[in-house]
Each structure stands twice: as C-alpha cells, then as structure tokens.
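Notebook open, model on screen.

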Amino acid sequence: MLLLGCIKEVSDYELVISLPNGLSGFVPVTQISDAYSKMLSKQVAQGELLEDLNSLSDMYSPGTLVRCIVTSVEKSADGRRSIKLSIDPKKVNKGLNASALASGMLLSGFVSSVEDHGYLIDIGVSGTHAFLPRQKAQNYIKAVKRGPDLKIGQNLNCVIVEVKNEGRVVRLSVDRSEVAASLATERQNWTLSNLLPGLVVKARVQKVAPLGIKVSFLSSFTGIVDFMHLDPEKSMNYSPDQVMKACILSIHPTSKVVRLTLRQAFLHPGGSPNQLSNDRMGAVVEESTVKAFYKQFGAVFELDDGTLAFARLKHLSKTRKSFKPGAFKTGCKHKCRIIDYSLMDEMCIVSLKYQIIEARFLQYQDIHTGDVVQGKVFALKPIGMQVKVTDGIKGLVPSMHLADVILKQPEKKYNIGDEVRCRVLECNPAGRKLILTLKKSLIQSKLPVLSNYEDAKPGLITHGFVVCAREFGCIVKFYNDVKGLVPKNELSSEPISCPDKVFHEGQVVKVMILKCEPEQERLLLSFRLSSKTALEDKKERTPKKKQEVKYQIGEMVDVKVLKKKDNGLEVSVLEDEGNVIASIPTVHLSDFVANCKLLWHCLQEGDVLPRVMCLSDKGERIILSRKSAVISAVQEEQVVRSFSEIQPGMLLTGYVRNVMPFGVFVEFPFGVTGLAPKVSMSDKFVTDTKDHFVVGRTVVAKVMSIDEEKQRVLLNLKVSECSSGDSAAESFALLNQYFKEVKEIRNLLRRRGEPSMAQGLCELVPGKELQLVMQDVKEDGSALFSGSCVTGLTVTATRYHLGDKNIVPGDKTKALVLHVDALTSKVYVSLREELLKRRAKQVCVHGSQRTPSTLPSCST
C-alpha cells in the first residue's frame with residue numbers, strides 16, 4: 001500500500017512517520033535508499049566512520065512529507081500493531097517505467113551521487129538516469145540550510161523538466177516554486193498501477209455523504225475524501241460537480257481505493273502540515289465541545305482554543321459497556337486530554353478515559369530521571385527486561401538492574417504481566433529511550449538523585465552502583481550515565497588491597513563527592529562518608545601531644561563522669577586522683593546497643609562507674625569500655641595481641657567498627673581488625689548490611705582466613721559458625737547480663753526521673769501481669785490501652801499480640817508486659833492466652849511471682 005506520510009520523529013536508526021487517520025509507522029535506516037544502505041554496509045565492514053555518511057538527523061527533520069510503501073504489519077508483544085515502511089524509490093516508484101515518464105511529473109528521488117555540475121538522483125525507475133543540475137538545486141539548498149551541498153541519501157521532491165531518449169535520461173528540478181506549482185494532468189498518462197501519493201490533482205465532487213465525499217479526478221479515476229480530510233473551514237459545504245484541488249493520500253493495491261485530502265497544507269507539494277505546540281501535548285481540556293459523532297469511528301471535538309480534535313471510539317468511555325452514544329450529540333461538552341497529534345490529519349488525538357486524564361505519565365517528555373514508576377513486564381530478553389509503563393511508553397531494565405544482586409535466571413523471579421516498581425535511570429524523549437532499575441536500594445533511597453555533573457557538589461552524599469572494580473579502585477555510575485572514580489585509598493577506613501574481591505558489578509553503594517570537574521565530566525568520590533579525605537583524616541588522627549598513660553590495655557579502673565558529649569562520656573580515672581582524662585564512647589557503655597542509649601541518657605555528671613577496662617591508649621586520650629563480653633575475653637586471655645597470633649578457626653570477641661555495603665569491619669582488643677564479607681554476615685540472606693549490624697555492636701567472630709602478606713583477616717559472623725558448643729549456656733549468660741543492666745538502669749531512673757513516672761517505669765518489668773482498658777485500635781491493627789498502673793505512659797499491643805481476642809474500646813482485659821522503652825515511655829504488652837496461661841502456671845508452681853528476668857516471654 002502506498003501512503004503519503006509526514007516525518008514525526010528522527011532517531012539514529014529510524015524515522016517515525018505520521019500516517020493518515022491517526023496511524024503511525026516507522027522507516028528503518030536500511031529502508032532509505034540503495035546508495036545509503038551501501039554506505040552503511042561499507043562503514044560496518046571497515047569498522048570506522050565514513051566522512052560522507054550523514055546521520056538521519058542531518059538529512060531529515062520533523063514536518064517533512066514523504067511517500068512511503070508498507071512493507072509489513074507486525075504484532076508486538078503487547079498486542080499492538082507495528083507498521084513497517086520504506087521510502088526507497090525502487091519500492092515506492094515500482095509501478096513506473098522509463099516509457100511512462102513525462103515532463104511535469106512529480107516524483108520522489110534520493111541523492112545517489114554528488115558530481116561537479118550537479119547530482120545523480122535515484123528515482124527508482126530501471127534503465128533511467130536522472131540528473132539534477134546545480135542551478136536547479138541552489139534555491140532549495142539555501143531554503144533548507146543543511147549545508148552547501150545535498151547529501152547522499154537525502155529525500156527530494158523532484159519535478160521532471162525534460163525527458164530524453166524515450167525516458168532513459170531525464171532532467172529534474174527541486175526548485176521550491178516549481179514543485180509547489182506542479183499539478184498532475186491527464187496528458188502525463190497516469191494509470192492506477194503507477195499513481196503516486198502526494199500528487200495534487202483537480203477533483204470534481206460526485207457525491208456528498210455523512211462520512212465524507214466521493215470525487216473523480218484525472219478523467220477516469222474516483223476517490224474518497226473522509227470526514228477527517230475535508231477542509232475544516234468549509235466543513236460539509238460541498239455540492240455535486242464542485243471542482244477543487246485535492247491531494248492523493250493513499251492507494252490500496254488490491255481494492256484500488258484511492259483516498260484524498262482537501263486540507264490546504266497538502267495542496268502545494270513540498271509544503272508542511274501544521275504542528276501542535278509542545279505545551280499542549282498532554283494538556284487536560286476541561287470543556288471540549290462535540291462537533292460530530294461517527295458511530296463506527298469516534299467523535300470530533302472543538303477544544304477551548306478553537307482547534308479540532310478526534311477521539312477514537314475506544315477512547316470515548318472506560319469500557320464498551322459503559323459507552324452511551326447519547327452523551328455525544330452535537331454541542332455536548334466533555335473533559336478530555338490531548339494524548340497525541342496527527343500531523344497528517346492536522347488534528348489533536350484526545351481521550352475521555354478517566355485513567356488517561358488522571359495518568360501521571362503520557363509521553364516520554366513527562367518522565368524525569370529519578371522518577372519512581374509502575375509498569376508491567378512484557379518481555380524478557382538476554383539484555384534485560386522490557387517494561388510497559390503506559391501504552392505509549394516502554395522501558396528497559398538491563399540485566400544488571402533486575403535486582404540488588406545479579407540474577408542468573410530472571411525468568412524464575414519475573415513473569416510476563418507482573419506489576420513492577422522501577423526507578424528511572426535515564427530518559428531520552430528524543431530517542432524514545434527509557435532505562436530503568438529494579439534495585440530496591442536505589443528505588444527506596446531518600447538521598448539526592450545525581451543526574452548531571454553540575455549538581456555534584458563536594459560533600460554531597462548519594463547512592464550509585466558499581467560498574468567496575470579494579471586495582472586502582474571502583475568506578476561508580478549514577479543517573480543519566482554520570483559516573484566517577486573512587487580511588488583505592490577512599491574505598492574504606494581500612495586498607496583494601498583487592499577491590500575486585502570486595503566489590504562487585506551492580507552493587508549499590510553510598511558515596512560522597514570529593515571533587516567535581518563538570519567541563520571534563522570527572523568526579524572524585526569516596527566511600528568514607530565523612531567530610532574528611534584520607535589525607536585530612538590521617539593528619540587529624542596524629543596527636544599533637546600524647547598524654548602520659550599509666551594504664552595498659554585490659555587494666556580495670558574506676559572512673560567518674562565529668563561531662564556528657566554527643567558521642568559518649570568524658571571521665572576521669574579515680575585511681576589517679578582525676579588527673580587522667582579518658583573517654584567512654586556511647587557504644588562501649590554496654591554489650592547491648594539498646595542499653596547503651598539508655599545508660600547514656602540516665603548517667604549524669606558526678607556518677608561513678610566501677611570496673612571499666614582500658615581499651616586503647618592511642619591518640620591523645622585513653623579509650624575505655626564497659627562491654628562485659630569484651631572485658632571477659634581479655635581477662636580470660638581469649639584474645640590476640642598481634643596479627644601474628646591469629647589462626648584460622650579462632651573464635652574472638654570484638655565489636656563492630658564500621659558497616660559498609662560490602663561487609664562489616666570488626667575490631668578486637670589490642671587493635672587487630674578483620675572483615676566479614678556480606679556473604680558471611682548472617683545465616684539469612686543479606687540485602688542491606690545495615691539491617692543486620694550497627695556500629696558498636698558486640699559480636700563473636702570466627703577467623704576464616706588470613707593473608708599475612710596483605711595483613712588481612714576474613715571473618716564469619718554467622719551464628720551457626722560462631723557457637724563455642726554450649727549455646728544454651730551462652731544465651732542465658734547474655735540474657736542474665738542484659739537484665740542486670742536493665743535493673744541498673746531502673747535504679748538510675750528512680751533517682752533521676754519524675755517520682756510518679758520513674759516509679760511506674762521501674763515497676764513495669766517484663767513478665768508482669770496488668771489489668772488494662774482498651775482505648776483505641778489503629779489502622780495497622782495495633783491497639784492502645786490505659787490503666788491506673790500505667791498513668792502517663794503509652795501502652796500498646798501489636799496486632800499479633802492481640803491474639804484471638806475480639807475486644808472493642810472500653811473492654812477490660814489482662815495483659816503481660818513484654819518490653820519497657822524507658823526513653824520513649826512506651827510499654828509493649830501481649831494479650832495472647834498462651835503467654836498469660838504460662839505466666840499463671842509459673843505463679844501457681846512457685847507460690848509467688850518468679851523473677852521477671854528469667855521469664856521466657858522476656859527473651860522473646
């Protein structure tokens with residue numbers, strides 16, 4: 001089928017063509033002309049760019065009319081039809097032969113060669129040599145402003161000026177005035193087999209019908225002008241025998257039906273249809289007026305600015321069942337949204353569907369880098385997964401971005417039709433390119449999106465992903481292909497000799513910008529999330545004057561609190577009459593992270609802390625620790641004092657020094673450190689290391705391997721690997737230590753807090769039974785309670801701990817204390833029968849309440 005089309009978009013590999021009646025098709029780069037295809041093949045064979053090979057964007061621009069032939073109609077994976085076209089003159093003009101050529105004919109041609117006196121033009125007619133003299137091309141070259149010469153592969157509207165040797169030689173003109181004035185006539189001997197779209201003819205009206213008019217032209221031809229291609233200014237004011245100009249739009253090869261247009265923009269060859277202003281695309285029109293309704297096709301509307309728009313039948317209502325023809329009588333008003341613009345019909349395409357009017361995204365221009373979008377999986381390919389965001393917007397999730405980890409068999413995780421939540425890594429509306437990620441760490445990130453080098457200010461912390469790990473460091477990529485280098489000395493606060501063994505391709509990382517050179521598109525990054533570079537940090541750690549230290553690592557001292565700081569306590573050593581100042585970091589107040597915060601909150605200046613261990617004498621001040629497990633390990637000589645003492649298989653007690661995306665650094669007494677990689681951190685699968693460990697947490701680690709040359713220790717923190725044998729005894733010892741500290745905190749609260757509040761918190765120990773009244777039920781299913789014993793406190797039970805009880809606000813009930821959060825004055829309770837019965841049984845067996853610290857419910 002031959003069609004007249006208008007170039008809508010130009011990309012590197014195809015032309016998107018607007019076709020009549022709101023259709024679209026595309027011309028692949030290989031379907032331009034023979035000469036252009038040969039140059040493409042030559043470039044591929046040589047493997048280097050050819051100077052005289054121009055890109056499609058150099059030769060074509062939106063708004064240009066072209067003759068096309070349909071080569072295939074394919075059905076895509078999502079069920080939509082894709083029309084493949086060609087503008088190759090050998091296919092478009094295949095109905096012509098040399099003997100049929102005549103002066104005044106308007107044909108499509110392509111520049112095949114540039115000569116001294118003009119250009120050889122390929123018009124697709126076998127045995128004919130077409131030549132365009134330079135003087136007949138100068139006005140055109142000046143008007144299009146694409147350089148001093150025509151380019152090989154450039155499409156031209158040519159008028160035959162002279163025919164010689166029975167059509168074997170023809171001379172052409174592309175002069176704009178000559179082309180615009182061309183008119184197909186009977187003496188040019190056009191036949192139905194060689195008739196071309198784009199020809200302007202004189203047509204006579206034969207019949208006027210509701211859906212258009214029937215016309216005759218070139219003596220023996222008849223054609224149809226449908227309602228979308230009548231002159232809008234004349235509407236249906238046509239009468240039989242009326243003569244006017246018309247332009248051929250399409251010729252069907254089998255039915256021989258010829259369609260024409262009476263729109264003014266097409267009545268002068270070489271012209272260009274009117275285009276829609278960019279700011280109108282996607283606009284919602286509150287009131288559009290029905291101009292005409294066609295029950296088999298759709299409705300024509302007049303928008304608020306007077307322009308006409310068309311809505312296909314399927315876009316007039318949500319479903320066919322909900323469609324009401326009576327709502328589309330002439331003059332009725334509707335709310336609609338402009339979803340497209342048909343250049344060939346010079347009409348907006350609109351939709352009245354609520355879901356489209358309210359849609360967040362309608363075209364690629366609506367999507368911005370960093371946006372989180374919903375989509376449906378519609379194809380799985382080796383390069384990644386294709387996702388449909390809307391009917392007109394599709395994106396690609398590269399294989400690296402299908403999950404936080406690389407998936408070897410993505411088909412086991414995703415199925416066609418699955419709903420997925422993605423984040424936009426890159427969006428190029430001009431090239432209709434949308435790159436997405438399914439990495440949860442990036443989707444859920446609250447940090448700023450880095451999508452250009454100008455925004456990369458020193459000190460900015462953001463998320464990226466590793467694309468390369470080598471001896472020199474890591475290359476990290478962000479959004480819109482922005483990337484930077486993390487040098488080896490900025491990978492961690494600890495030395496990393498082989499970055500490729502610690503970091504992997506696709507790994508999501510948090511980085512800080514150290515330096516940016518936007519003009520050179522260079523970024524210097526760091527995984528050390530502080531404002532100090534490695535050099536500055538090293539200088540800062542160098543003591544100006546070391547304090548005289550009389551205490552060895554492991555020695556026990558009593559201290560007095562001098563001052564509370566954000567990161568810990570400043571204390572003086574009592575044995576030295578307060579002359580030695582030391583520090584206890586908050587994380588070293590207890591083995592239990594939750595108790596660390598409570599103790600810091602409760603302790604005040606002047607308090608005395610007995611039996612605190614000297615942990616380090618490096619720097620200007622002694623560092624002390626109250627971690628019982630660490631103290632016990634030192635006192636029982638279950639420690640290593642240097643790297644040379646470490647052996648694989650050892651179980652060592654230490655504390656988390658740093659949590660990185662790739663693993664956890666653990667420090668032991670006497671300064672030895674080791675790394676537990678992500679895969680060795682937990683018996684469960686680790687997605688985010690920060691969900692499993694925090695800085696300061698006391699841990700037992702198993703030595704997996706040592707590298708003496710690089711002074712590196714690899715550790716295992718899996719509970720299944722780090723038990724010394726009697727795990728039950730170890731657990732009860734830790735539990736007992738926890739409750740001893742809780743008791744200490746309760747005593748501090750009694751002395752520090754408000755009398756009534758402190759007394760209430762101190763009495764509410766885990767395992768205690770309370771009489772409560774339900775006050776309210778929250779949206780998440782949890783409930784709030786009140787009672788005389790919990791005045792001023794927030795008492796809550798999760799949906800799970802409400803059990804099977806169906807109680808309503810105002811009901812009285814028994815509850816068991818599970819946990820008391822002294823910092824927030826919150827009490828967590830359970831109404832589950834199995835816990836209450838167990839509690840009652842224990843009271844009955846012992847004749848009185850057991851010590852709360854040994855109740856099973858407390859460990860839960």
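Predicted model: local features only at pLDDT ≥ 70, side-chain atom pairs only at ≥ 80, totals over all residues.

**Entry 1: helix H1**

I looked up H1 first, which runs over residues 34–46 and has 13 residues. From its first C-alpha to its last it reaches 18 Å, close to the 18 Å expected at 1.5 Å a residue. Which residues of H1 are buried? I noted Ala-35, Tyr-36, Ser-37, Met-39, Leu-40 and Gln-43. As a reminder to myself, an α-helix has 3.6 residues a turn, so residues three or four places apart point the same way. Next I checked what covers the buried residues of H1, and the cover includes helix H2 (56–59) and strand S6 (106–114). After H1 comes Gly-47, and I read a positive phi there, near 75°.

**Entry 2: the cores**

I then turned to the nonpolar cores. In soluble globular proteins, nonpolar side chains tend to be buried together. Here the largest core has 52 residues. Which residues have the most contacts inside this core? They are Ile-121, Trp-190, Leu-195 and Phe-217. I picked Ile-121 and left aside its neighbours within four places in sequence. The contacts of Ile-121 are then Gly-109, Phe-110, Val-111, Ser-112, Ala-130, Leu-132, Leu-156, Cys-158 and Leu-172.

**Entry 3: a cavity**

How many cavities of 30 Å³ or more does a search of the whole structure find? It finds three. I went for the second largest cavity, which holds about 40 Å³ of space. Its lining is made by Lys-8, Ser-18, Gly-22, Leu-23, Ser-24, Asp-340, Tyr-341, Ser-342 and Ile-349. Strand S19 (residues 333–342) gives the largest share of that lining, three residues. By class I get three nonpolar, four polar and two charged residues.

Asn-165 is not a glycine, yet has a positive phi of about 50°. I find Asn-165 in the loop between strand S9 (155–164) and strand S10 (169–173). Its relative accessible area is 49%, so I list Asn-165 as partly exposed. Asp-241, also not a glycine, has a positive phi of about 75°. The loop that holds Asp-241 lies between strand S13 (221–226) and strand S14 (243–251). Asp-241 counts as exposed because its relative accessibility is 53% and the cut-off for exposed is over 50%.

**Entry 4: two more residues**

Is Ala-181 buried or exposed? Ala-181 has 61% relative accessibility, so I put it down as exposed. I located Ala-181 in the loop between helix H5 (176–180) and strand S11 (200–209). I also took the C-alpha to C-alpha distance from Ala-181 to Thr-71: 31 Å in space, with the two 110 residues apart in sequence.

Last stop was Ser-616, in strand S34 (residues 608–616). With a relative accessible area of 18%, Ser-616 is buried. Leaving aside neighbours within four places in sequence, I see Ser-616 in contact with Ile-553, Arg-621, Ile-622 and Ile-623.

Terms used:
Residues numbered from 1 in each chain as written. Heavy atoms only, no water. Helix = DSSP H or I, 4+ residues; strand = E, 2+ residues; numbered from the N terminus. Expected span 1.5 Å × (residues − 1). Buried < 20%, exposed > 50% of the residue type's maximum accessible area, 1.4 Å probe, protein only. Contact = heavy atoms within 4.5 Å. Core = buried A, V, L, I, M, F, W, Y, C linked by side-chain atoms within 4.5 Å. 1 Å grid on protein atoms, 1.4 Å probe; cavity = no way out; pocket = protein on both sides within 12 Å on 5 of 7 lines; lining within 4 Å. Points joined across faces, edges and corners; volume = space filled by probe spheres on them. Nonpolar A, V, L, I, M, F, W, Y, C, P; charged D, E, K, R; others polar.
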